[in-house]
Amino acid sequence: QVQLVESGGGLVQPGGSLRLSCSASGSISSFRTMGWYRQAPGKQRELVAFITSDGTTNYGDSPEGRFTISRDNAKNTVYLQMNSLKPEDTAIYYCNGQSWGWPPRGYWGQGTQVTVSS
């Protein structure tokens, strides 16, 4: 059973930056895609970004060019660099991995809290 563990969340002031990490217990190459989702209080979980096994990236609407997803296969880790953070970015951020095959199986981390506040 693959496990995904997020880290790097915390409290940051508006305009600040954070880098989230998602470490997998196995090889991230075993995932077709890996991505980040977030869920704010009272809202549905939404896609932030995902990255495919060949490095292709795709972003949801919310980052607006402020976030960058990347992966380090040697470290089995996916990152989310978040810049110019806004209070509306406050949410729990979850790491997700989608397996190969059909139907794909989704794996989730436990989430890491990001709070943007002065």
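How many nonpolar, polar and charged residues does the lining of the largest pocket have? Good morning, everyone. I shall answer that question after one caution: the structure before you is a predicted model.

By class, two of the lining residues are nonpolar, four are polar and eight are charged. The space in this largest pocket comes to about 190 Å³. Its lining consists of 14 residues, and those closest to the pocket centre are Arg38, Lys43, Glu46, Ser62 and Glu88.

Four strands form an open sheet in the order 1-3-8-7, and their pairing is antiparallel. At the edges stand strand 1, residues 4-7, and strand 7, residues 67-72; each has a single partner strand, so one side of each lacks a neighbour in the sheet. From one strand to the next, the twist averages 15 degrees. Within this sheet, strand 3 (residues 18-24) and strand 8 (residues 77-82) are joined in the antiparallel sense over six bridges. If you look along strand 8, you will find Val78 opposite Cys22.

Where is Asp54 placed? It sits in the loop between strand 5 (46-52) and strand 6 (57-59). Is Asp54 buried or exposed? Residues over 50% relative accessibility count as exposed, and Asp54 has 63%, so it belongs to that class. The side chain of Asp54 makes a polar contact of 2.3 Å with the side chain of Thr52, and another polar contact, of 3.0 Å, with the side chain of Thr56. Finally, Thr33 is 21 residues away from Asp54 along the chain, and their C-alpha atoms are separated by 9.1 Å.

Thank you for your attention.

Notes: Residues numbered from 1 in each chain as written. Predicted model: local features only at pLDDT ≥ 70, side-chain atom pairs only at ≥ 80, totals over all residues. Heavy atoms only, no water. Helix = DSSP H or I, 4+ residues; strand = E, 2+ residues; numbered from the N terminus. Buried < 20%, exposed > 50% of the residue type's maximum accessible area, 1.4 Å probe, protein only. Polar contact = N/O pair within 3.5 Å; in protein donor to acceptor, adjacent residues only side chain to side chain. 1 Å grid on protein atoms, 1.4 Å probe; cavity = no way out; pocket = protein on both sides within 12 Å on 5 of 7 lines; lining within 4 Å. Points joined across faces, edges and corners; volume = space filled by probe spheres on them. Nonpolar A, V, L, I, M, F, W, Y, C, P; charged D, E, K, R; others polar. Pairing = 2+ DSSP bridges. Axes fitted to C-alpha atoms, helices over the stretch in contact; angles between N-to-C directions.
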